[in-house]
Amino acid sequence: MAIEDIPEFISELEKNGELKRVKTEVDSDLEIAEILRRSMYSNGPAILFENVKNYDMPVLGNAFGSMKRLEIGLQMTDFTEIGQRIVDMTKMDIPSGFLNKIKKLPELSKMTESFPKPENNGPVTEITSNNASFDDLPILKSWPNDAGKFITLGLVATKHPETGVRNLGVFRMQVLDSTHALMHWQKHKRGAHHSEISKDKGEKIPTAIIIGGEPATVFSSIAPVPEGLDKYLFAGITRKKGIKTVKCKTIDLDVPANAEIVLEGYVDPNDIREEGPFGDHTGYYTPVEPYPTFTLTGIMRRKNPTYVTTVVGKPILEDAYIGKVIEQSFLPLIRMFHPEVVDFSMPAAGWFQGFAIISIKKRYPGQAKKVMMGLWGMGQLALTKMFVVVDDDINVHDINDVIWAITTRADAARDTTIINNTPTDTLDPASPLVNLGSKMGIDATQKTKEEGYQREIQQQVKVDEKTKDLVDAKWKDYGLD
């Protein structure tokens, strides 16, 4: 059964030994963040801080900081199921004739079960107010040189001003005062695109900040779903059950009914202020840059909500595990466009956009470069700095195997592709310009004569089956375990 909300998630984490409660008083200014970092770097548990200085609201951190916790939250162990469900939907035939339509009803009902379900009220509507303040929330300051307190795991809800397609994204927000914060949505993100459309119309864009919710909704807000796919529908596809939604009180937006807190307001694309610095997931402070202002107009919340947060910094921290789920869940979608792809990995140390490894079943010359170019044209993969393409006998999740492939199958001059003046992640500390830099692709597949490899391909060293079977059979007798 899908997990419905944060209280249920906390209960399941605790049952599985994945959560610790801290009853000692802790400070939201730097102290909680340092505790969470130490726990994350040492593969520690999720932590529920029950006694936060100056606040009567507990803080939950590192809730998604292991694959086990994500398995619990999303109620699955094979995350490729998520992408496969989308692929299956795209392949579903539209039935013709009454009898065929009847036969298709079970499949169609599975699809409709994923759609959001509007409700008149829900747990998040227990307390509502037009007199909202950021001061009431235990928002963290994470690093000593941060510009202030930042909301780091707020699910930012907007909808396309023309199509109405709903989006959720996770964008950090620097709190300026009790009712204003800066919205750090990078120009490549859909929230920023929605804001630009509103700006062209001379309008502010209604925006809601969701704190907590179903784990599937949290995951969906981070996942780079295909363009035009409603994020609330994607959350339903992920959990095989549509999420419940309610209307905001001061703006025209739907939000998850089971959330802990919803901060209502709008972003004014013309009210631009200096944001940062902030210690980000690259391991560096991002510099001061201009971003639009969010104005708080109202709040909905549970009677006893939990403030859900995360901290970022030099990898590997909590966000790395969510990245691994994204990597696995989107493999079927990548294969839909590039059938030769066998596996895909984005190593955590590469902070999502920095580095990716792809294995392929190679059939013709230049196929590795074809795959690179195709992936650089797919959504958020356009921001990936470096691709390495390997053969299907290489384990993309074993960096030693990948290094072996690079050093034995790639020639620096022949197999390295550099592309200049391409979009880069806004947070990339190495790009010569903000949002503009270069890409590198390494073809580490075995080369053929058609690709200019004139030498005889050397034979790999492998044990013969007879010796392997002999040693397998006698292994216990050796006494080496």
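Which residue in β11 is the bridge partner of Val 156? The bridge partner of Val 156 is Ile 209. The legends below concern a predicted model, in which local features require pLDDT of at least 70 and side-chain atom pairs count only at pLDDT 80 or more, while totals for chains, interfaces and linings use all residues. Residues are numbered from 1 along each chain as its sequence is written, and side-chain values use heavy atoms, with hydrogens and water left out.

**View 1. Strand β7 and its two partners.** Helices (H or I, at least four residues) and strands (E, at least two) are DSSP runs numbered from the N terminus. Two strands are taken to pair if DSSP finds at least two bridges between them. Strand β7 spans residues 155-159. It runs antiparallel to strand β8 (residues 166-170), to which five bridges join it; Ala 157 has Leu 168 as its bridge partner in β8. These two strands form a hairpin with six residues between them, and Gly 164 in the turn has a positive phi of about 80°. With strand β11 (residues 205-211), β7 pairs in the antiparallel sense over three bridges. Four of the five residues of β7 are buried, where buried means under 20% relative accessible area, exposed over 50% and partly exposed in between (1.4 Å probe, protein chains only).

**View 2. A buried salt bridge between Asp 415 and Lys 447.** A salt bridge is a side-chain nitrogen of Lys or Arg within 4 Å of a carboxyl oxygen of Asp or Glu. The side chains of Asp 415 and Lys 447 meet at 3.4 Å, N to O. Asp 415 belongs to helix α13 (residues 412-415) and Lys 447 to the loop between β23 (436-444) and α14, so the pair ties together parts that are 32 residues apart in sequence. Asp 415 counts as buried because its relative accessibility is 3%; Lys 447 is likewise buried, at 2%. Elsewhere, salt bridges that share partners join Lys 159, Arg 166, Asp 230, Lys 247, Asp 252 and Asp 254 into one network. The whole structure holds 31 salt bridges.

View 3. Lys 15 counts as exposed because its relative accessibility is 64%, whereas Glu 12 is partly exposed, with a relative accessible area of 23%.

**View 4. The aromatic pair of Phe 134 and Phe 294.** Rings of Phe, Tyr and Trp (its six-membered ring) pair if their centres lie within 6.5 Å; planes under 30 degrees apart count as stacked, over 60 as edge-to-face and the rest as tilted. By this rule there are eight aromatic pairs. The ring centres of Phe 134 and Phe 294 are 6.4 Å apart and the planes stand at 50°, so this pair is tilted. Phe 134 lies in the loop between β5 (127-129) and β6 (150-151) and Phe 294 in strand β17 (residues 289-301), so the pair ties together parts that are 160 residues apart in sequence. Both Phe 134 and Phe 294 are buried. A separate line-up of rings, Phe 219, Phe 234 and Phe 330, forms one aromatic cluster.
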